[in-house]
Amino acid sequence: MVQKLEMLSETASQTAGPYVHIGLMPSYTGNGQIFDLELGQSPVAEGAKGEIIEITGSVYDGTGWAMRDALIESWQPDAQGLFAGEAGADPKVSGFCRFAANADSGEFTLRTVKPGRVALRDGRMQAPHISLWIVARGINIGLQTRIYFEDEDNSADPLLARIEQRPRVDTLIAKKTGPGRYRFDIRLQGPGETVFLDI
Amino acid sequence: MMTNSPLIPRNRALHPVPYDPDYKTTMARAPLLPLLSMDSSASEETGPTFGHNQFGALDNNLILNWTRGAAPAVGERILMHGRVVDEFGRGVPHTLVEIWQANAGGRYRHKKDGYLAPLDPNFGGAGRTLTDAEGRYQFLTIRPGAYPWPNRGNDWRPMHIHISVFGHSFGQRLITQMYFEGDPLIPLCPIAATVKNRASLEQLVAPLDMANSKPLDYIAYKFDIVLRGRRQSMFENKPEGM
């Protein structure tokens, strides 16, 4: 016999289902009256330091259909690479946002500040990125991925360096479409499948 | 707790399989290539925080919050309560818990839900709260009805409440569903059955909790939620191998 490890098991995930908006973005489905203040409406307030950008895209299923019901959360540091709550962080950047695919077009838009670089624990520097968490009907456990930027130096990013099939790196890089504007599409399955993370 | 230490990697064997033909929608939505596994970084170890000033007094009372206290929702009154803890059993204080659910007839207040059962004019179906200093939370609500859904020929969802939990880091983010003890639809449900580990599925079923039920008012169900923990070594803040 050995000593007993006193550990609990993480609660299993279940799909967020088709009606996730009721709980997380009530105004999306016309239920805005339920709370005084909806959480995660914008990751930045007026006056945030840095470059304000807009990222547009869609979440495509394995048939190439732009999903109308996907809900996404994003989390990121401010322009200096500091997360909300850290000493010196920009008080105008909460860093957290909830956004959903448009029910008609399937497109989403995230308006935020371009994030700064953040070092790993061992000192290696990561390229600027925004973390995403995607849920919808048919997704049994929330999907983690990251948005990197085409106009940044991504060559030494430790996560991107771990991707064996180099063409797949592209699935994590937002393409510049204009000043302060980017396109970032997410493909759940099939050709061009986005790299999803287990971090 | 070491605040600057990595999250414990997820044991995905305890989670639902992403691709399951019995739950048809997963077939075109589950990634088929392997996930990229890495030690967590600040992006996963930090996370949003929420303050009490962002919440209203009725936010965790689904019986009254839709009408702002003017009229109660129809249904069997229940108290849903429990603790949010990490894998070491430590309470997760001051973290956001959100729930949403169908009304007593099994109908959601969502523009995409066209089920025959009527909307309850006094029920919105969403609530939220922050855990207390020990990780405890509670909601007053009504028992949601079971309802049919388009999947196989005749599939019904057991009574369930959707729950979203944050923890203190974005990598702990979790959405799950609470089922009710004794519901005969649980073993028939293809969504519940995406969890292949029997103990993990049982962990999603809330027991009736008579001790915390209030006579002549509501009955209680207890649902504890376990989030990922963090490694506890003091040897973390060093480059690999040093």
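**View 1. The pairing between β10(A) and β1(B).** Strand β10(A) and strand β1 (residues 36-37) of chain B pair in the parallel sense over two bridges, where two strands count as paired if DSSP finds at least two bridges between them. Within this pairing, Asp198(A) stands opposite Ser37(B) in β1(B). Helices (H or I, at least four residues) and strands (E, at least two) are DSSP runs, numbered from the N terminus. The model shown in every view is a predicted one, in which local features need pLDDT of at least 70 and side-chain atom pairs count only at pLDDT 80 or more, while totals for chains, interfaces and linings use all residues. Residues are numbered from 1 along each chain as its sequence is written, and chains are lettered from A and ligands numbered from 1 in the order in which they are written.

**View 2. The contact between chain A and chain B.** Chain A brings 64 residues to the contact and chain B brings 73 residues, two residues being in contact if their C-beta atoms, placed from the backbone, lie within 7 Å. On the side of chain A that touches chain B, the elements giving two or more residues are α1 (20-24), β5 and β10 (197-198) of chain A. Of these, α1(A) provides the largest share, four residues. Sorted by class, this side of chain A has 32 nonpolar, 23 polar and nine charged residues; Ala, Val, Leu, Ile, Met, Phe, Trp, Tyr, Cys and Pro count as nonpolar, Asp, Glu, Lys and Arg as charged, and the others, Gly among them, as polar.

View 3. Strand β5 (residues 130-135) of chain A runs antiparallel to β6(A) and is joined to it by five bridges, with Ser131(A) opposite Arg146(A). Strand β7 (residues 173-178) of chain A pairs with β6(A) in the parallel sense over two bridges, and here Ala174(A) in β7(A) is the bridge partner of Phe149(A).

**View 4. An open sheet in chain B.** Five strands form this open sheet in the order β4-β3-β8-β9-β10 (chain B), with mixed pairing. Its edge strands, β4 (126-130) and β10 (205-206) of chain B, each pair on one side only. Strand β9 (residues 174-180) of chain B pairs with β10(B) in the parallel sense over two bridges, and Phe180(B) has Ala206(B) in β10(B) as its bridge partner.
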